[in-house]
Structure formats: structure tokens, C-alpha cells
Amino acid sequence: MKIAVIGGGPGGLYFSILTKKAMPHWQIDIYERNKADDSFGFGVVFSDETLGEFLKRDMQSYELIRSKFAYWDDIVVARDGESVSIAGNGFCGCSRKTLLQLLQQRCLEEGINLHFEQNVDDLSQFEDADIIVACDGIASGIRTKYEKDFGTKIEMKKNRFVWLGSTKPLDAFTYFFRTTEFGTIVAHSYQYEEGMSTWIFECSDETWQKFNFEVTNEEDTIAKISEIFKDELDGHPLISNKSHWRQFPHVTNENWYHKNIVLLGDAKATAHYSIGSGTKLAMDCAIGLSDAVIANPNDVQTAFQQYDKTRRNTVEMIQYAALVSLDWFENMDRNNQHPFQQFAFGCMTRSKKVTFENLCLRDKSFTDKVLEEFNNNNHVDDKIQPAAFSKFKLRDLDLQNRIAMSSMGQYSAENGLVNDWHFQHYTSRAIGGLGLILTEMTAISETGRITEGCAGIYTDNQIKEWKRINNFIHQHTQTKIGIQLGHSGRKGATKKPWEDTFTGTSWGLLSASAIPFNESALTPKAMTLADMDLIISQFVQATKNANDANFDMIELQAHHGFLLASFLSPLTNNRTDEFGGSNENRLKFPLRVFTEMRNAFPKEKPMSVRISATDWAENGISSADVIAISEAFKSAGADIINVSTGNTVANQKTQTGRMWQTPFSDAVRNTVHIPTITAGYIQDIDQINTIILNGRADLVALGRPLLLDANFVRNAQAYEQFQPTDIPNQYKMGISHLYPLKASERKQVEGMKKALKPKSN
């Protein structure tokens, strides 16, 4: 087989080494546009895990790299002179130029042909090649030529960054944050060889503009940055190497191969440097491509398919984590308002891959500082009390912990009347120790239901049955219960989730505009002023009914494309009157509903509003809209915002994952300065503690985890060895069994995590 590798970066070199080792009779040629000793940038970073993989794949290159790298175990987060060190991370830095030279040496040892100063514009010279590996960088000419075939998408991210070097010695990977008159600037810095360190400076575009930086003016950049970071540089100079200011390009390709051309490295996919070097991603993919080609020596297309199948999911996960990490840096000014230990903890947990427990296993002294600061600020005497079990107050409502049950439809009511099923559903979870229960969406009228099985609170009998549930909860538990009041809008008169079709009697639907939810849905009526007046009166009456039923709190349903949400999103509101068009106009009717409800509800009782912070669809609600909406509800008397996303339109394209909605909650909480509730694929107490401690939400609402585990909180309390005051006397004997069991399980899990930690190199 004959292979042409276009681009002599680490990915292309390493692919060639591994492939030639396994198939010495194959011809591999590498074509690099630069000279052998050219290198742009300074250092590259590898984790212990990556180094371990190198060891397994090619001992010779591993030993060469290991002989030249600078190793560190700590990460330091420093802000304006204050710093904290976090041990147990295990990284190494290596000069990019040295890495290239070492890999070039290995290529020559294996009999690979290296061709330098070869700028490849025309692939016709490689007609006899069985495989062309396009690893010619972020601005790949080959990828650009066939961008439609590859399905290339490039999104330029907002922040500005510049890559510089320094002679400043560093004994840890360090994030230096500086608060300036124009905004926050961070230096991502690490030593990669004796006497040399990499410094990547990053700031928002607004900060960059205010400092009057210039893209290619290296002298001006160094002068200004040196002054800002004079204390950190400690008299050492900054060094440039074509150090121009850039914005990070997020590169994705729908197809990784076209005919006999396959993409590798930054040409294929980029990941922001804040979660590691692109070199690491390129070399990992080089391993995958080499494995696939070696396994399929006579079938190039099958090899490419294997490469895609084995690597795509991993690459997309890394890219997603990188985007989440990048989002944290794009919002440094917002994050900078936090107390220092919380800020440092937020920096360490920004990608959501690292949690409180991860860090505790690495360096308990750091997590103890984070927890102590949190508990001091929340006036908790026990300095090591888990954050999830701290109390929280909304108006006169005291919650015993930060864990809530999210609204989950039970679809089991008859004519809107809740029954024994609902009684056991809510009371069992209250006995289970939740801080707050939010009921399923409860309709304000018969035609406001989603399905015929939805609960209501528009008749005396309905009030009576809800009151029976609430009285039990108040008498036997410390859990508080709030009701979510809403109207289905255009999503009404539909089947229950477990039914194949809707077999009931349809009713007329209302919405902001006459737009059906999907092709098979009924077309709603666009609301008139008279309809609005009626709906407002129904919401007000439902508010009074909720108070009569002894609910502690009300949440207004203004999310997921239901009636009020249909006014908020431009995708579902095309009105031309005063209730359509601008965000201010679209907000008028939902805000009027909330204001009237707030006036009708006792002032000592809190109210929440649940909103969708994105529609996950093109031309949907914007982040600026969401902030304005949250500010308006806050001004109208909302005490907390429950930040959800999506379900506005049928053609949404969600980006899910663990704790996937927390960035939206973070934005609302720390921009509007109002408490928030978050939800979405949050599964354990560790994630809850992490979310509360890094300031992304004040309450964490669980949905599906509570469906099959009414005692989630009790199990979590035992896991944390936390002694609550609300366990019923009838159940206290269970403590002597559950707590030792959970302590043993935790010890076993932590032991496995420590055993699986990559060995230090």
C-alpha cells in the first residue's frame, strides 16, 4: 500500500510511525510545507492517561518524549494576587519543536520518507496513492477544496487569544487571572522545558477592543500584556513567534473521508486548548486511523468507516466538553464576581467532566477550602456540611435542603381530579426528604390540560384532594410543596405518553399564533383580547385555589412551548399587534398573567417562573431575550427562575449530556442576580454538590431519578453520612443499616477510582 500524508504535524507523524511499524513493506511519504526545524507556538500538553497510551503504542517515541518533557502534578488558579494549588492532576509539557524533531527521528528510523518545504496545492501528483491523509492544519487546503463533500462547518468563537512564550519558570500549570479596568484577562501558562514556558493570553472581544490591541502588532501586544502581568512574569520577558491575536475556530466535519482522502488532526476537528492541546486529540486520532488501516489492509473504505465508528463519538464528546469549557472562559467577567475559592472551583469544574468528588480524591485540602467558604457565606456552623444539604430561604419559606422534585406529569387524574396515585406519589417523596416538591403541570381550566389525564385545580373537589396531599406532607415531613400552574396552549388535547393515539374528545386549542406544534397536531386559535382576559382570570382563580389548598409556593409554567411560552418565542409568535414582534411585546401577556397572580397570592409565599432559555432551533429565543425576560419577571416579584430549555418546536436539535442545562441557569443566576433552579440529566449527589458549589444554581430539581427512587435523598444523606432532622420516628431504625452500607459502597467506589487513575509518568 502507498500512503501520502499531507502535513508533518504530530498527528501525521505519529500515524505514519505506528502504521509503518506494523506494515514495514508499505510506502509512506510525508509532505510538510515548512522546514524540518520550523515550529509555530511553544509547548504542548499531555496528561498521564495520554502518555500511558503512547507507552503502549510505541515505546521508542514514548521514551524520547519522556526524556524531554517537564512534568507537574499541580494546577494553580490565581486571581489578582490570591492563589490556590490543586494537586493530583498529572500533566507534562513538551516543546512543540522538540516533539516534532523526536517524531521525525522515529519516522526516519522506521523508513518513512520525509519531504519538507512541499506546499501541496494539487493532489493529482498522488494519483497512485491508495490513501491520502489530509492533516494540513486548521486552514486545511485539502479540506477546503472538498468542503461540501466533507460537510465542513467552522464557527469562530468570541474570545481573543494570543500565544506567547516566556523564560519565567513555573512548577505547575497555572491559570493567572487579572481583573482590569476593561475586563478580565487570563493567562494559561505552563513550563514545557527548562527555562521556557508557554503563556496563552485570552480575553473577551470587548476587553480586547478597549485595550486597542492589534492583531499583528506583536510589539504592542507584548508591551501591554507585560505591564498587566508584571507581577506574574516577575521580570521575565515575553517572547513572540508569529504571535498574532486570533479567535478560536470550532471545526467539525460531517464526513471524515471522501474517496481515498481522510482527515486527521485540526483539519478534521478542533478542541479548545482550555481542556488540553489539539496535539493530544490529533495523536489520539492518529492511533485510531492507524488501527483501522492496519486492520483493513485491502479495503480502504472499510478502514475509513472503522476509523469514523471508533473515534467519532469520543471526538464529539471532547469537542462538547471543550465548548462547555470555552463558554466558562467566554464569561470570565460574569464568573469573576464569585468569592475566590468558588471561582477557582468553577474554573476546575467548568467542563462538567470534573466534579467535587473527583477533586476531593485528588486534593481534599482544596475541596475543604471550597466547602468552608460556601458554608461560611451561608452561615452554616458545620464547615464540612455537603452543599446540597444546606438550607435555602425564599421569602418566608424555609427549605431544608437544595434538592427539589421537578414537575413530572403523572397523567393519572380523572376529569382533572388527583387521586390515591398522586397521594402516594407526592407523599412518599416528601417522606424521602426532599427540600421542595413541584407538582406536575396543573391546569387552570378543563381546556388547559395537555391530556385527559392531567391534573387541574379549577373545581372545589380538586382543591379538596390537593389539600389532602398537602396536609399530610405538612403534618408528617419538613418538605415544602409548590404547584406548577399552567395552560397547555397548542400542545393540548393529546395522548398520554404510553398511548398510541388520542382517543378522547378534542377541545379547542389556544396559542399566541395559529401555528400547530407539528404536522399531525390541531391548529390552535390565535388568542384575542377577550381570550387573554379569560385566561388571566383563570390563572388568578387558580392562584387563589392553590392557596386554599395549602400550597407553599406557586410556579408559573412559561416553558416548553405551552400557552405562555408560545408568546415568548419568536418561532411560535408571529403576531403583528402589541403582543408580537419585539421581545418586549412578546413578554407583555405572560408578564401580565404573572403580575395578576402575584397580586392574588399571599406576599409571604414565594413564586417561581419556569422558562425555556433556548428553543434549540434557528431564529429562536436569544440569550439576550432570556436575560430580559428573567429581569422582567424578577421586577414583577418572581423569587426564583426555573431555567429549562427547548420543547418549543418539533424540529429542535438539542445538545444533551450530563448536567446539560446548567450553563443556562448559570447565565440567568449570575447576570440577573436572581436565584435559579436547574434540571436535566443530573443523576447523583456529587453532581448536585458540584452545581451548588460552583454557583450555577441554588436548587437542583430531579425528575426521572426520583421516579424509581423515592428515597434518593435518604440514600444521598447516608452516602454523605449526613444526619438530617426530618427522618420520621417510624423509620429511624433504618439508619443503623443504611448508613454503614452506603459508607462501605462509597469506600469501594473511591478505591476503584484511585486504582483506575493513570499511573504517573
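This is a predicted model: local features need pLDDT of at least 70, side-chain atom pairs count only at pLDDT 80 or more; totals for chains, interfaces and linings use all residues.
Helix axes are taken as lines fitted to C-alpha atoms, over the stretch in contact, and the angles between N-to-C directions run from 0 to 180 degrees. Residues are numbered from 1 along each chain as its sequence is written, and side-chain values use heavy atoms, with hydrogens and water left out.

Helices and strands are DSSP runs numbered from the N terminus (H or I with at least four residues for helices, E with at least two for strands). The axes of helix 3 (residues 59-66) and helix 4 (residues 96-110) come within 10 Å and cross at roughly 155°. Helix 3 is therefore roughly antiparallel to helix 4, where angles under 35 degrees count as roughly parallel, over 145 as roughly antiparallel, 65 to 115 as roughly perpendicular and the rest as oblique. The crossing of these two helices, helix 3 and helix 4, is right-handed; this term applies if the near helix is turned clockwise from the far one by less than a right angle, and left-handed if anticlockwise. Gln60, Ser61, Leu64 and Ile65 of helix 3 form the contact with Leu99, Leu102, Leu103, Gln105 and Arg106 of helix 4, contact being defined as heavy atoms within 4.5 Å.

Helix 1 (residues 10-22) packs against helix 10 (residues 278-295) at an angle of about 30°, and their axes are 8 Å apart. This angle makes helix 1 roughly parallel to helix 10, and the crossing of helix 1 and helix 10 is right-handed. On the side of helix 1, Pro10, Gly11, Tyr14, Phe15, Leu18, Thr19 and Ala22 take part; they meet Thr279, Ala282, Met283, Ala286, Ile287, Leu289, Ser290, Val293 and Ile294 in helix 10.

For helix 20 (residues 583-600) and helix 21 (residues 623-635), the axes come within 10 Å and cross at roughly 30°. Helix 20 is thus roughly parallel to helix 21, and a right-handed crossing is assigned to helix 20 and helix 21. Asn583, Arg586, Leu587, Pro590, Leu591 and Phe594 in helix 20 meet Asp625, Ala628, Ile629, Ala632 and Phe633 in helix 21.

Burial was classified by relative accessible area: buried under 20%, exposed over 50% and partly exposed in between (1.4 Å probe, protein chains only). In helix 8 (residues 218-228), the buried residues are Asp220, Thr221, Ile222, Ile225 and Ile228. These buried residues of helix 8 pack against strand 10 (152-166), strand 11 (173-180), strand 12 (183-193), strand 13 (196-203), helix 9 (230-233) and strand 14 (238-239).

Aromatic pairs total 37 in the structure. The centres of the phenylalanine 46 and phenylalanine 54 rings lie 5.2 Å apart with planes at 80°, so this pair is edge-to-face. Rings of Phe, Tyr and Trp (its six-membered ring) pair if their centres lie within 6.5 Å, with planes under 30 degrees apart counted as stacked, over 60 as edge-to-face and the rest as tilted. Phenylalanine 46 is buried at a relative accessible area of 0%, and phenylalanine 54 is buried at 1%. A cluster linked by ring pairs comprises Trp72, Phe173, Tyr175, Phe177, Tyr190, Trp328, Phe329 and Phe343. Arginine 79 lies over the face of phenylalanine 343, at 4.6 Å from the ring centre, and lysine 268 lies over the face of tryptophan 256, at 4.5 Å from the ring centre. The criterion for a charge over a ring is that NZ of Lys or CZ of Arg is within 6 Å of the ring centre and within 35 degrees of the ring normal.

Valine 76, in strand 5 (residues 75-79), is buried with a relative accessible area of 16%. Beyond its neighbours within four places in sequence, valine 76 is in contact with Ser83, Val84, Ser85, Ala172, Phe173, Thr174 and Tyr175. The C-alpha atoms of valine 76 and alanine 344 are separated by 8.8 Å, although the two are 268 residues apart along the chain.

Most residues other than glycine have a negative phi. Tryptophan 616, not a glycine, has a positive phi of about 55°; it is located in the loop between strand 26 (607-612) and helix 21 and is buried at 13% relative accessibility. Histidine 673, in helix 22 (residues 662-673), likewise has a positive phi, near 60°.
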